[in-house]
Amino acid sequence: MVSTHWDPVPFTIDEPITDTINQLWRPVVQQNGCVFKPVEHFAVAMLNLIFHPNINSTSIMRADILYDSDDDGRQGIAVGYEDYTAKENEICDEVVRLLSSSVGCVRITRRIIREIVPRNQDKDLPMRQSCLILSDDAGSSSILYVPHGMTSPESTPHYHPAVSGILLHYTSAPTDSGMNTLQLYYRLFSQSQESIPLPNRLERTALRLLGTAYKHSLGVMNGYQKRVHHDVVIDKVSFQNTYVSLKRRYAHDLVSRWVESTDPKKHVFEDLAIAAFLIELWNDQYTERGSAKDSIKFVDIGCGNGLLVYILIMEGYSGYGLEARRRKTWDTFPIHVQDCLREEVLVPFLCSDTNTQMPNDGVRFHDGRFPEGTFLIGNHSDELTPWIPLLGRPFMVIPCCSHALSGAKYRYQSFIAVGAESTRQNTPLKLSTYGALVEHVAKNAYDVGWVVQREMLRIPSTRNAAIIAVQRRNSDNAGHIWTVEDIVRREGGAAGFLGRAVALTSKSPRSH
């Protein structure tokens, strides 16, 4: 019976082979009645999992591909690993004998050597691993994982099963009999009788690996397309390397000295990731003009607890943060950082309310005019989020709560015609409240002349869409450019913003 229902079962080898192989390789779990095909679906899904092992484990950050037999650009890198081919061939011979009842001649159709990079590199070291894609005359497909340099269970990193090899074998029946099976085997470090049970952690990991392979193979068969794309603006490796460096230097100290009532890890790791992204963005966009640190000065609008300002100042960048209410965290920073955190209310000069006088009760105001060379940051800046693209300076804004230019809470239309200003599609989309906010901010940025870029940031937040604008577009080849005043009028004006902004100074700070 064919099925798309996940129902794994333990299995054993019906016909024992030589004792050595039988006691070294342990059949663990299988899924019967698979409906996907070995090459078109299973092999494609597994290739994606080879390139992205973080799908299988949150302890893994990424895989760096050191060698790929199908990639001419990476073939020369394998010279230093050629001595490991003998071990690979030895294990492949074992696989042939292991599967002798169901396969014919087994061939290595693709060889990939990857280095798995763990998320916590203070706890585990990276690990090199051969990933062999195997095929045979019977139409089956297999994926064999062989870790390099692992000689015992104790030598394996935490994020990898304590075994010397993993085999995922997909047997395709010659007819539509529903006998297709997906099986997982472990290669142990030493011979072991099958009557000796595997550790529970190995069994749970086997279920996870098989389940992910099964789910992703079905996804390929059903034409699944990834909806969220990361690393569009900045290379993943550069970002992650910078993030790990910042995390090592700042995370422990910031978490241990946290004085707010909010979750320290969520805020610390989120701002470290945003800082890493900004550093790589600035290095990419401004190095032609010299050092990025000399080319720009940042302003963090609505800087909240000031963590992002602190990290960037400590990394040698110049700038400051604006916030309507002083936070307790500010007092924990060095004096030179505290001097860069300003308790001021930003009221953009464009939203002057003729019926409201600026209060004279000690509240300090900023009019939103910034000099050339300023880069604006809006990290969950709420009421100011729709204003930042209109202030005439390069920016990155991460929308959170939806507000109109008046500062009032506002829900933008859920159906929007998505055009060239921000995405690849031209058909109307039904959006969430957050999605509609992101689209609206991006559209306004485009309309006033910015080249708009998007990035789904790798941060611990569901509000992780970043809208980035550094370059201006040309109206001659990219459509009409609106004036900022026209945008404000189109949005219905900004009456009431001043009063709402001043009211923030007397309210308790939001969690972000």
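Q: Which residue in β10 stands opposite D300?
A: The model is predicted: local features need pLDDT of at least 70, side-chain atom pairs count only at pLDDT 80 or more, and totals for chains, interfaces and linings use all residues. Residues are numbered from 1 along each chain as its sequence is written, and side-chain values use heavy atoms, with hydrogens and water left out. Strands (E, at least two residues) and helices (H or I, at least four) are DSSP runs, numbered from the N terminus. Two strands pair if DSSP finds at least two bridges between them. Here D300 stands opposite G321 in β10. The strands β9 (residues 297-301) and β10 (residues 319-323) run parallel and are joined by four bridges.

Q: What is the order of the strands in the open sheet?
A: The sheet has seven strands in the order β11-β10-β9-β14-β15-β19-β18, and the pairing is mixed. β11 (341-343) and β18 (450-456) each have a single partner strand, so one side of each has no neighbour in the sheet. Neighbouring strands are turned by 20° against each other on average, direction ignored.

Q: Which strands does helix α8 touch?
A: Contact means heavy atoms within 4.5 Å. Axes are lines fitted to C-alpha atoms, for helices over the stretch in contact, and angles run from 0 to 180 degrees between N-to-C directions. Helix α8 (residues 307-314) packs on the sheet and touches β9, β10, β11 and β14 (374-379). The direction of α8 makes about 165° with that of β9. Helix α10 (residues 433-447) lies across β15 (395-398), β18 and β19 (465-472), at about 155° to β18.

Q: Is V163 buried or exposed?
A: Buried means under 20% relative accessible area, exposed over 50%, and partly exposed in between (1.4 Å probe, protein chains only). V163 counts as buried because its relative accessibility is 0%. V163 is in the loop between β6 (141-147) and β7 (165-171). Leaving out residues up to four places away in sequence, V163 touches P147, T156, Y186, R187, L188, F189 and L202.

Q: How many residues of β6 are buried?
A: Seven of the seven residues of β6 are buried. S141, I143, Y145 and P147 point one way, while S142, L144 and V146 point the other way. β6 pairs with β5 (residues 127-135) in the antiparallel sense over seven bridges, and S142 is the bridge partner of L134. The hairpin of β5 and β6 has five residues between the strands, and in it G139 takes a positive phi near 85°. β6 also pairs with β7 in the antiparallel sense, over five bridges, and S141 stands opposite Y170 in β7.

Q: How many aromatic pairs are found in the whole structure?
A: Rings of Phe, Tyr and Trp (its six-membered ring) pair if their centres lie within 6.5 Å; planes under 30 degrees apart count as stacked, over 60 as edge-to-face and the rest as tilted. The search finds 12 aromatic pairs. One of them, W282 with F375, is edge-to-face, at 5.5 Å centre to centre and 75° between the planes. W282 is in helix α6 (residues 264-286) and F375 in strand β14, 93 residues apart. Both residues are buried. Y410 and Y412 also form an edge-to-face pair, at 4.9 Å and 70°. Y410 counts as partly exposed because its relative accessibility is 45%, whereas Y412, at 6%, counts as buried.

Q: Where does the charged end of R472 sit?
A: A charge sits over a ring if NZ of Lys or CZ of Arg is within 6 Å of the ring centre and within 35 degrees of the ring normal. The charged end of R472 sits over the ring of W450, 3.9 Å from its centre. R342 lies over the face of Y320, at 3.6 Å from the ring centre.
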